[in-house]
Amino acid sequence: AAPVQVQLVVPVAVVFSPGSVPGDLPRPLPFRDVQEMEISVNLRTSVTARYEMVFRSTTAQEEAALAAVTPRETDAALRPLQDSSMGSLTIYVVPETSSLLPQGISVYVGKHRSALVRAGGSLAALHTRLRQVTQVMSFTATSIAAALSDRVANGQLSPDARRNLKSSLGYEITFSLLNPDPKLHAVDWDIEGAVNRYVKPVVDKLSLVANFSVDSQILYYAVLGVTPRYDKESSSFLLSAHSLPHVINPVEARLGSSAASLYPVLNFLLYVPERSHSPLYIQDKNGAPVRTNAFHSPRWGGIMVYNVEAPASSQASIPLHVDVDMARVMEVFLAQLRLLFGLSREELPPEFLLESPGNEGLADWELDHLLWAHTVENIATVSTTLTSLAQLLDKIGNIVIKDDVASEVYRAVASVQSALSKLAMGHLHSAFQASKEAVTSSERAFFDPSLLHLLYFPDDQKFAIYIPLFLPMAVPILLSLAKIVRETRQHKKEPTKMD
Amino acid sequence: RGMAAAALLLLLLVAGPGPRRAGAGRERRDALREELLLSPLPTGDVAATFQFRTRWDADLQQGAVSHYRLFPKALGRLVAALGVRELHLALTQGFWRTRFWGQPPLQAPAGAELWVWFQPTVTDVDKAWKELSNILSGIFCASLNFIDSTNTVTPTASFKPLGLANGTDHHLLRYAVLPREVVCTENLTPWKKLLPCGSKAGLAVLLKAERLFHSSYHSQAVHIRPVCRDASCLAVSWELRQTLTVVFDVFSSGQGKKDWSLFKMFSRTLTDACPLASQSKVYVDISPKNKEKELLEVTPPPTSVHEAVVQGDKKTYAVYDLLSPSLFNTSRSLNVQLKWKRPQDSSEMPIPVLHAQRYVGGYGLQTGEICTLIYNTHPYRAFPVILLETVPWYLRLYVHTLTIITKGKENKPSYIHYQPAQDRRRPHLLEMLIQLPANSVTKITIQFERALLKWTEYPPDPNHGFYVGSSVLSALVPSVIAMKDVDMEQSPLFTSLFPSSDGSSYFVRLYTEPLLVNLPTPDFSMPYNVICLTCTVVAVCYGSFYNLLTRTFHVEEPSRGGLAKRLANVIRKFRGVPPL
């Protein structure tokens, strides 16, 4: 892959409330400091993270906000006082004895772009804590490596890192209800209400990252590709973890491709098992039933099994009306959506407390997290695309590059450069926009139809056409060559004969 | 006052969560109706026409979030994304022989036919049309992506919207036919996938590819159009009709007998209705021919008998309602059988009022003539017909040679729309409104010249010939018997697809045969032959020249001499000259 050097600049404001300033500060407040972190992906790709820190003490307004009782109130009160541009962080350091943070919690990350940190005595301890917080709220070495997973050697990356969706200009979210047995089950779901209530706020928030479209469908007589195993003990049917990869294939044929757009599709399937296979439970690798009865497929979507209780009396009317509990279903699907975007909230030290994002489903800093990763990924993609285009030109000399293709290439290069410089200045949002433009332009140049049909007449075929010329011409040349060889051999042998 | 406010608040509270919670007993906003019409044809063949009608009380054009239940998502998104108002796609293998089989319920030309009305909001209709045909070719695995400006026309009179429409600006219409398209299993599978029940339940279980394509005629179609939601027509519903017509030649496969059964034709029987369908019926056409009743017998006894006037003819249908529980009481499956009580004399075949025929005349590879014969067999009524001809640009029509002759006299069309072709850009479009006198044959001829194509423009196997799509006849045919005011929704199949102006006539759209025209075709191996020949000559010259330049010449002492020398010496001996 092509060499990529990216410098990510994160502006961080560290605000000390009275009584939290560590004793061993090198300079009096306010002052600036810069910390760098090297993220090496491979030999030709290097990402440098540069945290530009401003240390200062609180203003009167901030002090008033920090005097609130709960961290949530503080977070809300601090919101209008801080730099709210994307990618920038504000960290408030509160005294070690402060009662604002609950017992045992030393870091509180709010809904927006700020965090509260309990002062930990020395400056060095504070620095480690600050580094942890800034990485959680912006990007970590693993999140960047996951974004550049194409460039990482196969073995080095954890399977989780390959789960994240590739950066794209848009995504289509499709909810499908699979009802394999419409004769017995008349399943109804209030998907319209559920989408408006649960999915739309998240998608609205994510619309900064990409375009989203949401739709749903009901598929009848759609069955899973695996026959579940009957378990006598629990008198239920089980799908074991190793058979899950085979579940999707037959369903996928029915899902219907997104003919009207080129964006990747995220499929979320709700499967209501037929009566002869219910209740149906998914087992994890250890054989224990999965609590949510759902699983996700990396870069594809998720499936949830929704068991319907068989009616007590056999005289119950057929079909049985089932109203799906959408809150339960959407909780699982939204968690899977977050997973697919790499916004998992696990793997954090216990002293961290994250504010729940509430109705929006996504905190501001999580959005930044996504933007950092996608910007880096876009830049890497553009570099790869343009490099392969250049390689193609090297390979086929007589390919014609039209003016519009050339201008797209120039625009892609200019956009990438502007994205890189914006990143180095710490302007995350404009950098992301520029990287998106670069991707659009480079893809348009690479997939231009004029670059295709010339491929079909390679040089070796031209050579084949002239075989009727070359073959008869080669015969006398080869014969005389053979004759020369024979004669030189005889010349060499003759002197020995003379002896 | 306060009481009233409280009451209002209460009312609001009740009304607020009302619509959402009504989910369980929610009025279905979409409905599916499936029908199968089995009609014995005069020649002894049997036509089976399936129709699956999905109606959705929603406006597809609003876009945004869409939630599909019975309506297929792939088509719904297409309609919403590209601003389609009406879409008609038909894929057909074989030709409906109107003269012998009678008026078809819904005919389609051989190959692929696509016609689409776009919304007035669509600014670039050509771009939307191109995109639409590409997407449809993906959905139906058909070569619709070959639709381009060279085979697309905008008819002015022939294709009116069949659904709800205000204003008919024909610039929003596009029509194309690909007569070369071959229809096979790979087109049937995606078509079946659009059905809510797939081929797992209901009438669609009969749709087995190995039987359907073992037939004389196979036509599958998709029609999407907006319709009125109710009688007041204040809101729009969308209707999707998936139809499939197949004609089985039971006469030759049934040892000369015209008896048939569902199992014999489809090698399947019906066991249940699609659980999602609100109507599921099988109609068998048992109309008595020439006044004699009781000519045929259907088993098992039908649920009811329905009489209707369809296409100007009184028809009697035996109806099997798959949703009625009594039908599957006695046996678990339904295998409709039809037996003729005595052999039918085929001499008295009813001839349809309107039929047509088309062929290419002339000889040689330079010019030719397209002849169309239109028959009106109505004994006393004349009626007009709209003829639409689409001819590819490589047949250069001479419009001045257009002649229309009826009963030996020239027949002047009352309306002509002609759009000349442009080479490699667009085809000829000729639309005419012709009056057909009662009991007459009208012959329309037009001469053409065959163009020479560039060598890359020839399709594979160019000596097979070039197809010219069917011409389209649209007419309001006067019916022989007066039509009563029948409930259109009740009558089977297509009576509700085409609008009926009044009781005395009915709408018919017919397609003629596609034509196969030979164009002057060069010998495609010639360039390679030339290369081979030239190369060989060059190589031979090069070889001898090379030999000449590289060979060293010695003077060789003759040892004994060759045959020529000995021969010369013998002659010299005779002549008394010393030998060589």
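Predicted model: local features only at pLDDT ≥ 70, side-chain atom pairs only at ≥ 80, totals over all residues.
Which residue does a disulfide join to Cys197(B)?

1. The opening question. The partner of Cys197(B) is Cys274(B), with the two sulfur atoms 1.9 Å apart. The torsion about the S-S bond of this pair is about 70 degrees, so the disulfide is right-handed. The bond links distant parts of the chain, 77 residues apart: Cys197(B) sits in the loop between α6 (185-193) and α7 (209-212) of chain B, and Cys274(B) in the loop between α9 (262-266) and β11 (277-285) of chain B. Over all chains the count is 2 disulfides.

2. Ser267(B) is not a glycine, yet it has a positive phi of about 50 degrees.

3. Domains of chain A. The assignment for chain A gives domain 1 (6-148 + 346-355), domain 2 (165-341) and domain 3 (367-451). The C-alpha centres of domain 1 and domain 3 of chain A are separated by 33 Å.

4. Interface of domains 1 and 3 in chain A. Here 17 residues of domain 1 of chain A are in contact with 16 residues of domain 3 of chain A. The buried area between the two domains is about 1,400 Å², and carbon and sulfur atoms give 68% of that area. The rule finds 4 residue pairs in polar contact across this interface, both residues at pLDDT 80 or more. On the domain 1 side, the elements that give two or more residues are β1 (4-16), α3 (123-137) and α4 (141-147) of chain A. The largest share, 6 residues, comes from β1(A). By class, this side of domain 1 divides into 12 nonpolar, 4 polar and 1 charged.

5. The salt bridge between those domains. The count between domain 1 and domain 3 of chain A is 1 salt bridge. Asp368(A) forms a salt bridge with Arg113(A), and the closest N and O atoms of the pair are 2.6 Å apart.

6. Salt bridges in the whole structure. How many salt bridges does the structure hold over all chains? The total is 25. Among them is the pair of Arg72(A) and Glu355(A), whose closest N and O atoms are 3.0 Å apart.

7. Interface of chains A and B. Contacts join 36 residues of chain A to 36 residues of chain B. The two chains bury about 3,300 Å² between them, with 57% of that area on carbon and sulfur atoms. Between chain A and chain B the count is 4 salt bridges, one of which pairs Arg77(B) with Glu172(A), the closest N and O atoms being 2.8 Å apart. The rule also finds 10 residue pairs in polar contact across the interface, both residues at pLDDT 80 or more.

8. The elements of chain A that give two or more residues to the side touching chain B are β7 (170-179), α5 (191-206), β9 (211-220), α6 (248-255), β16 (320-323) and α12 (467-498). By class, this side of chain A has 20 nonpolar, 7 polar and 9 charged residues.

9. Domains of chain B. Chain B is divided into domain 1 (30-340), domain 2 (354-484 + 498-517) and domain 3 (523-549). Between the C-alpha centres of domain 1 and domain 3 of chain B the separation is 61 Å.

10. Cis peptide bonds. In chain A, a cis peptide bond joins Ser278(A) and Pro279(A), with omega about 0 degrees. Pro279(A) is in the loop between β12 (265-271) and β13 (280-282) of chain A. In chain B, a cis peptide bond joins Thr299(B) and Pro300(B), with omega about -10 degrees. Pro300(B) lies in the loop between β12 (296-299) and β13 (304-310) of chain B.

Terms used: Residues numbered from 1 in each chain as written. Chains lettered and ligands numbered in written order. Heavy atoms only, no water. Domains from an automatic or database assignment. Contact = heavy atoms within 4.5 Å. Buried area = accessible area lost by both parts, 1.4 Å probe. Salt bridge = Lys/Arg side-chain N within 4 Å of Asp/Glu carboxyl O. Polar contact = N/O pair within 3.5 Å; in protein donor to acceptor, adjacent residues only side chain to side chain. Helix = DSSP H or I, 4+ residues; strand = E, 2+ residues; numbered from the N terminus. Nonpolar A, V, L, I, M, F, W, Y, C, P; charged D, E, K, R; others polar. Disulfide = S-S within 2.5 Å.
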